[in-house]
Amino acid sequence: MRVTAREEYCAGCRLCEVYCAVSHSPYPADPVKAFRKSPHPPISRVLVEEQRPVSFALQCRHCTEAICVKACITGAMYRDPVTGAVRNQEERCVGCWTCILVCPFGAIRRDEQGKKVAAKCDLCAGAVEPACVKHCPNGALVVEGKGGGLKCM
Amino acid sequence: MVGNDGWARPWELQGNHRREGSKRIPSGCAIAGMINRKGRTMSGVDAIQSIALMHDRSNGLGGGFAAYGIYPEFPEHYAFHLFFDDHKAREQTESFLNQHFNIELGGPIPTRKVVGISGAPLIWRYFAKPKLEQLRVAEMKEDDFVVNMVMFINERLDGAYVFSSGKNMGAFKGVGYPEDIGEFYRLDEYRGYIWTAHGRFPTNTPGWWGGAHPFTLLDLSVVHNGEISSYGANRRFLEMFGYRCTLQTDTEVMTYIFDLLLRRQGLPLETAVKAVAAPFWSTIARMPQAQREVLTAIRTVYSSLLVNGPFSIVLGSSQGIMALNDRVKLRPLVAATKGDLLYVASEESAIREICPKPERVWSPRGGEPVIGMLEDAMPKAVPAPPVTVCHL
Amino acid sequence: MYVIIGNSAAAVGAVEAIRRVDDRGPITLIAAEPYHTYSRPLISYYLAGKVTEEQMAYRPRDFYIQNGVKTLLGRKAEAVDTRARRVVLADGEGVAYQKLLIATGGRPFVPPVQGLDKAGVFTFTTMDDVKAMAKEATPGARAVVIGAGLIGLKAAEALIRKGLQVTVVELANRVLSAILDQEGAAIVQAHLEKQGICFLLNNTVTQVTGEERIKGVLLQDGQELACDLLVVAIGVVPNTAVATGTGIRVNRGILVDDTLCTSEADIYAAGDVSEGYDMVHGTWRVLPLLPNAYRQGEVAGLNMAGQVAKFAGGFAMNAIGLFGLPILTAGLAWPEGEGYRVLVRADEERQNYRKVVLKDDRVVGFILINQVDRAGILTSLIAAKTDVCGFEEGLLEPGFGYVHIPVELRHQRLLQGVGTGW
Amino acid sequence: MSLSMATPAFLIERNLDRCIHCQVCVRQCANEAHGYDHEEQRVYSDDMRCVNCHRCVVLCPTRALSVRQFPLEFRANANWTAEVIHNIYLQAATGGILLTGMGNDRPYPIYWDHMLINASQVTNPSIDPLREPMELKTFLGRKPEKIVIENGRLKEALPPQLELELPVMFSAMSFGSISLNAMKSLALAAEAEGTYYNTGEGGLHKDLYPLGHRTIVQVASGRFGVHPDYLAAGAAIEIKIGQGAKPGIGGHLPGEKVGREVSETRMIPEGTDALSPAPHHDIYSIEDLRQLIYSLKEATNYSKPVSVKIAAVHNVAAIASGIARAGADIIAIDGYRGGTGATPLRTRDHVGIPIEFALAAVDSRLRDEGIRNQVSLVVAGSIRHSADIVKAVALGADAVYIGSAALIALGCHMCQKCYTGKCNWGIATQDPNLTKRLNPEIGAKRAANLLKAWKHEIKEMLGGMGINALESLRGNRLMLRGIGLTDRELNILGIKAAGE
């Protein structure tokens with residue numbers, strides 16, 4: 001399962017980034033607090049790429065044979081056996097960026113606001129619908145591929 | 001309004017509404033009808049008895065009957081039944097009639113005094129045929145000519161109202177309970193092979209006899225229970241064909257619809273029924289193609305003649321009767337047969353009152369007509385009279 | 001009956017791969033070190049106090065139990081008896097195998113310098129190394145690190161963080177000479193010098209002074225440096241000892257085919273001990289990188305369990321951060337010879353350095369310093385040998401991403417996957 | 001350079017307690033009314049640029065934004081209003097005619113709101129549309145005076161008809177004036193709900209040919225995009241004589257909106273202005289119209305109804321009668337509130353008559369002449385909701401066109417700036433940065449939902465009247481009563497006053 005962008009309908013508003021950041025902040029239901037309570041704005045795991053008029057959001061593809069999991073030097077990166085999502089156990093991550101070096105989608109971001117950790121899409125584990133999909137105002141993000149991920153190798 | 005040619009053009013008139021037509025009156029009712037398919041005549045007693053049983057369905061503000069085969073001595077004459085407010089109106093009308101018709105016989109319709117019937121207008125009848133030279137001037141078919149005359153009188157001649165205009169048939173109606181009206185008109189003395197009857201429950205008090213049922217045009221008569229929600233749509237469509245709905249009663253519209261479809265457009269009765277009580281589109285969609293095309297065409301072309309709202313009617317003609325419910329069946333209608341006889345009525349008890357042991361009793365479904373025709377008549381269009389237009 | 005010698009990335013990769021295919025076959029894992037599998041690169045983090053020993057576990061504590069692996073930890077494998085199909089342990093016990101994986105990794109290369117046996121001299125590879133060093137690395141102490149490579153600099157960083165004075169001696173003319181070019185190395189060196197590390201380049205230690213304990217070092221140029229601690233971090237070499245005398249062919253590392261099988265049937269080798277295929281160089285060579293080790297172990301494991309899997313090759317790639325400055329490199333970063341095109345964008349003041357090397361319109365290597373985001377896209381372009389004609393100007397953009405890649409290729413990759421083959 | 005008299009029309013209010021400086025507003029405003037100050041790391045606004053389209057307000061994740069009328073006032077003057085004064089400033093500065101978009105917004109009476117609908121009580125039952133069938137199917141096209149049946153079959157097939165599942169179609173809006181995504185939204189919604197949309201004079205984009213059976217293809221004075229395949233693709237052909245937003249004048253699509261796709265679809269060179277003449281230069285009288293109608297019928301083998309669309313003007317009834325007699329199968333009448341992408345302000349606001357009167361007059365006239373059945377009547381020009389539709393049908397319309405309402409369903413916020421090409425909702429624009437903001441799947445769903453909702457509401461009102469088929473409402477003016485109308489107005493509308 002993964003979130004796929006339909007770039008022809010991406011309005012480039014980046015609400016996906018805003019809501020991703022909010023939902024991964026200590027105040028997942030309150031954007032104002034999420035942004036204003038912490039010294040740094042929360043980081044989004046979604047990345048919108050834009051070169052007008054093209055724009056699209058990009059998140060972890062949750063690859064079937066995830067190279068980031070294989071390459072992780074600490075074992076922090078793992079595939080959730082239940083959801084199939086590739087997730088990073090942030091308390092084990094040391095921010096070495098090997099995953100950034102190997103992810104062919106460039107879908108992992110550096111979170112250097114506290115302890116350095118790799119930040120990536122976790123499909124909003126536990127939520128019915130990932131925040132980016134839920135809040136995309138134009139249906140440009142869809143959840144696709146129940147079960148399998150993409151090939152990154 | 002009379003044109004330069006002296007010919008009446010009722011459709012050019014702005015209605016001088018008085019009488020009942022000034023207000024549209026919703027009403028509830030009782031109806032009944034019967035036919036002997038062999039054409040054997042029955043006395044009016046049965047019709048009176050049947051409608052009388054449904055006394056509570058009317059409120060004493062209207063009752064009436066139509067009877068077919070009652071004037072065997074004048075089978076080719078139009079039997080005009082008229083109400084006059086006074087003798088001045090009568091004289092004016094008679095002069096008009098004499099101008100256009102050869103009147104064979106004329107005089108008051110015999111009545112008897114009945115408790116509960118009061119305020120009767122002058123009630124006269126005339127057996128007449130159109131004058132040939134008038135037909136020539138009008139360049140019209142005879143039936144259209146007669147219709148025109150009736151419309152003109154009803155619209156323009158103050159104090160006069162034609163309430164029956166067919167051949168060998170007649171309507172008898174007035175303000176009162178139907179059994180009293182029957183008594184008043186001495187219907188026990190008439191014999192007809194078709195009788196229809198009506199008891200009215202209007203929601204106001206028009207106090208005018210012309211508003212009672214049946215409504216007739218030529219030999220078509222309609223008794224009707226219900227209110228036509230589509231009245232405005234039906235009426236405005238009919239007006240394009242020259243009909244003037246001066247009375248603003250739903251039943252009048254019903255009469256004109258059948259006149260238009262059967263007499264003027266020559267449609268089969270079944271087709272006319274499908275226009276008036278159309279099957280639902282969902283039903284049409286399931287029909288075989290040819291039938292679907294026909295019904296689609298009916299509903300497309302005659303969409304403005306769909307009669308919407310609750311109704312049950314009995315349509316009478318010299319050829320037979322047809323009883324019909326609205327397509328959802330929002331008003332009661334029961335039918336029964338015994339031998340050559342077909343009965344229809346608002347309530348089964350009204351049939352059993354005069355036919356205690358019918359062979360078959362059923363409740364027709366919405367939009368499905370019950371048709372009883374004379375055996376020597378085809379169950380289709382009432383044949384139009386021969387064209388008698390003479391070109392000079 | 002699977003037997004694995006070693007307990008790091010390649011070994012774990014093999015276990016996970018075998019269990020994907022065969023959830024029953026008994027697996028025995030033999031390791032000289034007595035510890036549960038741990039992440040070797042984390043020893044510098046341990047030294048700096050950023051992780052605890054507990055947090056160094058490469059897999060959860062119950063990993064081997066969950067996977068039904070019998071572990072023989074702290075038991076050194078001495079030799080392999082290929083005829084008897086058994087591994088002989090140091091204590092003489094034999095462990096029978098049907099399929100054997102040698103994943104013994106590398107061992108530190110220690111140069112022939114006089115006095116390296118004195119107390120206060122350390123290598124920097126294993127848990128024991130770092131534990132020993134941690135005891136002596138006290139604030140204010142003077143440390144000398146031989147080697148300005150990945151291990152040496154991570155050690156130096158950790159020691160600085162612990163409050164030591166650190167001098168790095170490097171034979172080459174620049175730091176990180178294995179992965180950085182001159183220009184990139186200058187940025188890194190300046191950054192490290194700001195943090196207090198002293199560099200002595202084009203130089204090396206020729207002698208260790210002191211009695212029992214180290215007192216200082218003599219350098220090639222004749223200088224003498226007093227110190228309390230010496231870290232030898234020149235590099236690692238494949239730890240092929242167990243293959244000695246078996247008939248398994250060994251060059252620098254153990255030779256394997258693309259199924260990771262050695263010259264002996266049913267014996268596989270993976271990780272830093274072996275020589276894998278380098279798809280950029282087009283040669284077989286030792287690629288001492290954790291991601292490679294895992295993937296090789298995985299391929300070996302699959303083959304051991306009866307699947308046919310092939311290792312398409314790897315190439316050098318390194319991610320390293322020094323005092324917050326990230327450095328990501330891959331492939332050939334300072335090519336020699338004809339046919340290469342080098343794209344560079346540098347901003348030394350901001351410590352930004354971006355260099356992409358092309359050959360035949362394909363990316364063959366890159367160096368990213370500081371602005372390293374989305375480096376993996378470049379890595380994948382190397383691996384997939386993608387023709388970058390038409391979007392090469394985007395490669396140098398700090399925000400280089402899929403939006404710079406032509407729409408068909410972009411959609412193919414984002415919707416169907418990358419398919420690099422490695 | 002002289003002093004500009006321009007002052008902001010709107011005031012952007014940013015609640016700084018709620019703003020998180022996420023810049024969504026900055027990225028979404030094509031008018032650049034929001035910006036980001038990198039030095040201060042904060043978002044700021046420029047009121048002068050704001051057109052009050054609400055894009056930023058709607059998308060702001062913290063509801064930090066609001067837009068109000070700019071509070072600047074002139075000395076109170078009931079005659080020289082601020083708008084009048086501002087327009088004079090503008091014309092004094094530019095020397096140009098004033099342009100605007102959408103429909104007449106002046107406070108003329110809205111006659112729909114002066115008519116009330118009947119319902120059944122006691123004497124006949126109202127019908128519950130959730131329990132009973134309720135039919136809205138409508139056929140548009142010429143009806144013969146009667147049908148003839150032989151051997152249970154139709155003797156002659158009916159003339160071609162458009163079959164609508166509800167009496168609502170999407171008005172003519174061209175590709176060029178609106179985006180392809182907006183066209184697709186309407187086309188898909190028409191397909192989903194069983195009705196039709198209209199190409200306007202912009203031709204039929206190749207992507208829309210598969211939905212040709214849901215398309216009314218328009219032939220307008222510029223003849224843009226008209227060719228045999230185009231005529232063949234449509235379900236019906238509409239000759240556009242005029243439109244309510246600009247009766248008597250032509251159209252002008254500026255060259256910057258004529259990109260590759262618009263150019264291909266309209267068959268004009270890229271980047272050139274698309275000028276529609278005020279009249280059809282082959283129609284200078286009613287007999288010329290007849291020729292065009294029959295040319296189009298010939299060209300399509302008499303297989304499609306031909307509609308003629310006119311603006312509601314003073315003697316609309318006589319014109320409509322002439323059109324019916326010229327052979328049109330459908331007459332579309334567009335009232336003075338009808339919308340557009342661009343029109344001179346004074347024309348929009350001062351020319352034409354209300355559709356309510358036009359409809360009543362035309363329906364009565366055609367009935368008086370006995371030819372009402374020969375044509376279907378479609379009315380347009382600010383049909384706002386289902387009650388307007390019920391009233392229109394009761395006055396005599398066969399169906400209505402909706403334009404503005406459909407666009408509002410797609411997200412239009414009625415800022416009236418269509419003519420700038422910077423529609424922030426991706427509707428009235430060809431800018432690829434903006435058109436992609438309208439996902440046609442969502443647009444289609446929303447437009448279809450609107451039709452669905454109205455369908456339910458019409459059924460409820462019909463049921464309340466005791467009617468279960470729409471045709472029984474058509475021209476049934478007894479179902480209407482006027483409120484607050486003069487005798488003369490009641491007379492024109494052909495309805496009684498409430499209480500009568």
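**View 1. The loop of chain A that holds A:Pro53.** In chain A, the loop between β2 (47-51) and β3 (54-58) contains A:Pro53. The structure shown here and in the other views is a predicted model. The peptide bond that leads from A:Arg52 to A:Pro53 is cis. The omega angle of this bond is near 0 degrees.

**View 2. The cis peptide bond between B:His213 and B:Pro214 in chain B.** This view turns to chain B. B:His213 and B:Pro214 are joined by a peptide bond in the cis form, and omega is about -5 degrees. B:Pro214 is placed in the loop between β10 (194-202) and β11 (215-217) of chain B.

**View 3. C:Asp266, a residue with positive phi.** The phi angle of C:Asp266 is about 65 degrees, a positive value, although the residue is not a glycine. C:Asp266 belongs to the loop of chain C between β18 (254-255) and β19 (267-269). Is C:Asp266 buried, exposed or partly exposed? C:Asp266 counts as partly exposed because 15 other C-beta atoms lie within 10 Å, whereas a buried residue has 20 or more and an exposed one 12 or fewer.

**View 4. D:Met414 and its loop in chain D.** The loop between α12 (404-410) and α13 (432-435) of chain D includes D:Met414. Phi of D:Met414 is positive, near 60 degrees, in a residue other than glycine. There are 17 C-beta neighbours inside 10 Å, so D:Met414 is classed as partly exposed.

**View 5. The contact between chain A and chain D.** How many residues does each chain give to this contact? Chain A contributes 20 residues and chain D contributes 16 residues. On the side of chain A that touches chain D, the elements giving two or more residues are α1 (15-23) and α2 (31-36) of chain A. The largest share of this side, four residues, is provided by α2(A). By residue type, the side of chain A that touches chain D consists of 13 nonpolar, three polar and four charged residues.

**View 6. Two pairs of chains without contact.** Chain A and chain B do not touch, and their nearest C-alpha atoms are 36 Å apart. Chain C and chain D are likewise not joined by any contact. The closest C-alpha atoms of chain C and chain D lie 15 Å apart.

Notes. Residues are numbered from 1 along each chain as its sequence is written. Chains are lettered from A and ligands numbered from 1 in the order in which they are written. This is a predicted model: local features need pLDDT of at least 70, side-chain atom pairs count only at pLDDT 80 or more; totals for chains, interfaces and linings use all residues. Two residues are in contact if their C-beta atoms, placed from the backbone, lie within 7 Å. Ala, Val, Leu, Ile, Met, Phe, Trp, Tyr, Cys and Pro count as nonpolar, Asp, Glu, Lys and Arg as charged, and the others, Gly among them, as polar.
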